[in-house]
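Hi,

Here is the structure I promised to pass on. Have a look first, and my notes follow below.

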Amino acid sequence: MSTDQPRPGSGGEPPEDDPFLKKPQEPPPGGSPYGHEPAGGSPYDRPANSTPYGDQPSGGDPYGGSAPPPGSGPPPGGMPPPPYGGDPYGGNPYGGQYGAADPLAGMPRLAGRGRRLVARIIDWIIVCVPVGLIMSAIVGGFDYWTTDGTNTGRQASVSIVTMLVYLIYEGLMLTSRGQTVGKMAMKIRVGMLENGAVPAGQAGWVRAAVYTLPEIVPCCGFIFWLVNVLWCTWDKPYQQCLHDKTAKTVVVSTA
């Protein structure tokens with residue numbers, strides 16, 4: 001019985017059209033290993049800045065060119081604001097640059113509002129109560145329940161002198177060491193928002209003046225003072241009062 005295939009060891013050659021014994025042809029240089037070149041050429045032979053998916057998109061390569069990918073530009077109206085609205089003084093001085101995740105990183109812990117209030121009460125007792133009593137004795141005393149011109153003038157005189165003495169007291173203490181007696185007792189201090197330094201010079205005096213002087217103005221002065229001291233309860237992220245914002249200071253803990 002005859003067959004088309006030679007027997008092993010017979011020395012014959014297999015037919016040239018045998019698909020199982022053909023050697024695979026080598027692909028041409030730069031061509032596809034699968035026998036044809038995809039659209040756009042081989043992804044391994046293209047320039048580094050070209051797209052691997054065929055034609056170059058309009059506007060340049062999104063990853064190696066100058067144009068951004070479609071839909072990735074800034075939203076209408078510009079870039080979104082940084083967390084907390086950003087640092088109002090031109091960059092976050094404690095925790096990195098624009099858009100830092102934590103603007104308080106790297107700075108001491110902020111002083112608690114309760115400790116700040118107690119520190120003010122201590123300073124008031126130390127300064128304002130003695131000065132008020134001394135001034136009342138000098139001007140001959142006054143009655144809070146009467147509204148005649150003489151009594152009102154005495155009240156105004158006592159208030160002005162008391163506030164001026166408190167201004168001098170706080171200004172000297174802040175510019176020399178960043179602490180009043182009350183702040184030392186409560187282990188808190190005032191520092192510059194930029195670098196935490198003692199608010200020497202103008203900054204310390206501005207802070208003391210914005211806190212103290214408006215109280216001299218009848219009626220409106222008390223309203224401003226109340227808004228000022230309450231501002232830290234909702235201010236973010238540094239819990240600043242208005243006198244802190246004016247002087248660019250922050251109150252931090254020392255313990």
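Before the pocket, a word on how pockets are found: on a 1 Å grid over the protein atoms alone, a pocket is an open set of points with protein on both sides within 12 Å along at least five of seven lines, and its lining residues have an atom within 4 Å of a point. Grid points are joined across faces, edges and corners, and a volume is the space filled by probe spheres set on them. This is a predicted model, where local features need pLDDT of at least 70 and side-chain atom pairs count only at pLDDT 80 or more, while totals for chains, interfaces and linings use all residues. Residues are numbered from 1 along each chain as its sequence is written, and side-chain values use heavy atoms, leaving out hydrogens and water.

On that basis, the largest pocket comes out at about 1,100 Å³. It is lined by 39 residues, and those closest to its centre are W124, M163, E215, F222 and W225. Two or more lining residues come from each of α1, α2, α4 and α5 (220-230). Helix α1 gives the most, with 11 residues.

As for the overall layout, the protein chain has six helices and two strands, taken as DSSP runs numbered from the N terminus (H or I of at least four residues for helices, E of at least two for strands). From the N terminus on, the order is α-α-α-β-α-α-α-β. Of the 255 residues in the chain, 31% are buried; buried means under 20% relative accessible area, exposed means over 50%, and partly exposed is in between (1.4 Å probe, protein chains only).

Now the charged part. I count a salt bridge when a side-chain nitrogen of Lys or Arg is within 4 Å of a carboxyl oxygen of Asp or Glu, and that gives five of them. R116, R120, E170, R207 and D244 are linked in a network of these.

- R120 pairs with E170, with the closest N and O atoms 2.6 Å apart. R120 lies in helix α1 (residues 113-139) and E170 in helix α2 (residues 149-177), so this pair ties together parts 50 residues apart in sequence. Both R120 and E170 are buried.
- R207 also bridges to E170, at 3.6 Å between the closest N and O atoms. Since R207 is in helix α4 (residues 202-212) and E170 in α2, the parts tied together are 37 residues apart in sequence.
- D244 bridges to R207, the closest N and O atoms being 2.8 Å apart. D244 sits in helix α6 (residues 242-247) and R207 in α4, so these tied parts are 37 residues apart in sequence. D244 and R207 are both buried.

L133, in helix α1, is exposed at 60% relative accessibility.

And how many disulfides are there? Zero, in a search of the whole structure, where a disulfide is a pair of cysteine sulfur atoms within 2.5 Å. The sulfur of C219 is 6.4 Å from its closest cysteine sulfur, in C220, which is too far for a bond. C219 is exposed at 64% relative accessible area, and C220 is exposed at 54%.

Cheers

Key. On a 1 Å grid over the protein atoms alone, a cavity is a set of points where a 1.4 Å probe fits but cannot get out, and a pocket is an open set with protein on both sides within 12 Å along at least five of seven lines; lining residues have an atom within 4 Å of a point.
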